[in-house]
Amino acid sequence: MSEDFLIGTYTKKDSQGMYAVTLDTENNQLVNDRLILNLQKPAYLQVASHNLIFTVRQEGELGGVASYQINNGKTTLIDKSLSAGAPPAYVGLDINRHLLFSANYHTAEVNIYRIDDAGHLTLTDSIRHEGTTGPKPEQVDGPHPHFADLTPDGRLAVCDLGMDLLVIYNIDEDGKLTSAGQYKFEPGFGTRHLVFHPNGKYVYVLGELSSKLAVLKYNANNASFEQLQIVKTIPADWTAHNGAAAIHITKDGRFIYTSNRGENTIAVFEIQDDYTVNHVQSISTEGDFPRDFELSKDESFLIASNQNSDNLTLFKRNAETGKLEMLQKNVYSPEPVCVKKW
C-alpha cells in the first residue's frame with residue numbers, strides 16, 4: 001500500500017516549488033520525493049481533491065493565492081489572485097460552500113474567495129485587522145493573522161498572532177464576513193493555529209510565541225469561549241528560543257500533536273475525560289525547525305517537515321497510547337514547510 005503527500009516549501013535556497021512524496025506503508029518508509037510544480041514560495045496549501053489544489057503564490061513583489069489542476073502528473077494553473085505585498089501565511093477551504101480563505105500575516109488581511117466548478121477564484125470579501133497588539137518583538141509592528149479556517153458550525157475562525165486574539169466570523173451566502181465573537185489570550189501568547197475537537201464543543205489553540213497550548217470550551221450560541229487550561233509545549237526549564245508551529249488532533253478526539261521549532265520536537269498530549277490535556281511524550285524530529293507535520297489517512301504514521309535541515313522524518317503512531325516511534329530520518333526535501341495528505 002502507498003499514500004502520497006504534498007510538500008509546500010520556501011524557495012530561498014535549493015527548492016524549486018511544490019514536491020510530492022510517497023509513503024510506502026508495507027516497508028515503513030518515504031520514497032520518491034519529486035517536484036510536481038515549479039513555483040515561487042508555495043509555503044502553504046490545501047487539497048480539495050486529488051486533481052485540484054490551492055496554494056499561496058508569490059510572483060516578485062506580488063503575493064496571493066492560486067488554484068491548480070493535476071492530471072497524470074501534469075500540473076496546470078487554473079487561476080490566481082495576486083496583489084502587492086507578501087503572500088498569505090495560510091489558506092483554508094470550505095468544500096461545501098465552495099469558498100477559499102486566506103490569512104495574511106504581513107498585510108493583516110483576511111480574504112474570502114468564491115470557487116467556481118472549474119476552480120476559478122473570485123474575491124468576495126476582505127477584512128483588515130486593526131487594534132492593540134502584544135508586547136513581544138514579533139507583535140509590536142501590528143496585527144498578524146496566521147490562520148483562517150472553518151469552525152464545526154460553519155463559521156470562520158481566525159488566529160491573530162500579533163493581537164493574541166481568536167476571532168470568529170459569520171459567513172453569509174454572498175461570502176461576506178461579520179464579526180460574531182472573539183477571545184483575547186494573555187499578552188504574548190502569539191495565537192497561531194487551532195483545532196476543534198470532533199464533538200465541536202472544545203478547541204485547542206496553539207500559541208507560537210509562548211510555546212503554550214490552550215484548551216477552550218466553545219459556546220456556538222454566541223461564539224464565545226471559556227478557558228479550561230493552558231500548558232507548555234516544551235519543558236518548564238527550556239530557556240533557548242522556541243516557536244510552536246503546527247497542531248493536529250486525531251479523528252477519535254483522543255490525542256493532540258504539536259511541533260516545536262527550537263526544541264525540535266513533536267509534543268504528544270492525551271485528551272482527558274474533561275477535555276483538558278496531559279503531556280505524554282516529546283520526541284525529536286531528527287532535524288531543525290519542524291514547521292509542519294501530517295498524519296496519514298489511517299493515522300498510523302506521522303510525517304514531520306524540518307525546514308532548516310531540509311529533511312522529512314517518518315514516525316509510527318501507537319493508536320492506544322498516542323506515542324510516536326521514529327522509523328526514518330534524513331529523507332531529503334528542500335526547505336519543507338507544509339505537509340498535506342494528497
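By class, the lining of the second largest pocket comprises 16 nonpolar, nine polar and 10 charged residues, where Ala, Val, Leu, Ile, Met, Phe, Trp, Tyr, Cys and Pro count as nonpolar, Asp, Glu, Lys and Arg as charged, and the others, Gly among them, as polar. The model is predicted, so local features require pLDDT of at least 70 and side-chain atom pairs pLDDT 80 or more, whereas totals for chains, interfaces and linings use all residues. Residues are numbered from 1 along each chain as its sequence is written, and side-chain values use heavy atoms, with hydrogens and water left out.

The second largest pocket holds about 640 Å³ of space. Of its 35 lining residues, those closest to the centre are His146, Arg192, Glu208, Arg261 and Arg291. Two or more lining residues are given by each of β16, β20 and β24, and the largest share, three residues, comes from β20. Strands (E, at least two residues) and helices (H or I, at least four) are DSSP runs numbered from the N terminus. A pocket is defined on a 1 Å grid over the protein atoms alone as an open set of points where a 1.4 Å probe fits, with protein on both sides within 12 Å along at least five of seven lines; lining residues have an atom within 4 Å of a point. Grid points are joined across faces, edges and corners, and a volume is the space filled by probe spheres set on the points.

Arg192 belongs to strand β16 (residues 191–196). With a relative accessibility of 3%, Arg192 counts as buried (under 20% relative accessible area; exposed is over 50% and partly exposed in between, with a 1.4 Å probe and protein chains only). A polar atom of the Arg192 side chain lies 2.8 Å from the backbone oxygen of Ala245. Beyond its neighbours within four places in sequence, Arg192 is in contact (heavy atoms within 4.5 Å) with His146, Phe147, Cys159, Leu206, Glu208, Ala244, Ala245, Arg261 and Arg291.

The largest pocket contains about 950 Å³ of space. Among its 31 lining residues, Tyr90, Asp149, Val195, His248 and Lys340 are the closest to the centre. The elements giving two or more residues to this lining are β4, β8 (90–94), β12 (145–150), β16, β20 (243–249), β24 (290–295) and β28 (336–341). The lining of the largest pocket divides into 16 nonpolar, seven polar and eight charged residues.

Strand β4 (residues 45–49) is joined to β5 by four bridges in an antiparallel arrangement; two strands pair if DSSP finds at least two bridges between them. Val47 stands opposite Ile53 in β5, and a hairpin connects β4 to β5 through two residues. Strand β5 (residues 52–59) is mostly covered, with seven of its eight residues buried. Eight bridges link β5 to strand β6 (residues 62–71), again antiparallel, and Leu52 has Gln69 as its bridge partner in β6. The hairpin of β5 and β6 has two residues between the strands, and Gly60 there takes a positive phi near 60°.

Most residues other than glycine have a negative phi. Asn32, which is not a glycine, has a positive phi of about 60°. Asn32 is placed in strand β3 (residues 29–38) and is partly exposed, with a relative accessible area of 49%. Tyr275 likewise has a positive phi, near 75°. Tyr275 occupies the loop between β22 (265–271) and β23 (277–284) and, at 23% relative accessibility, counts as partly exposed.

Key
A polar contact is a pair of N or O atoms within 3.5 Å; within protein, one must be able to donate a hydrogen and the other to accept it, and residues adjacent in sequence count only if both atoms are side-chain atoms.
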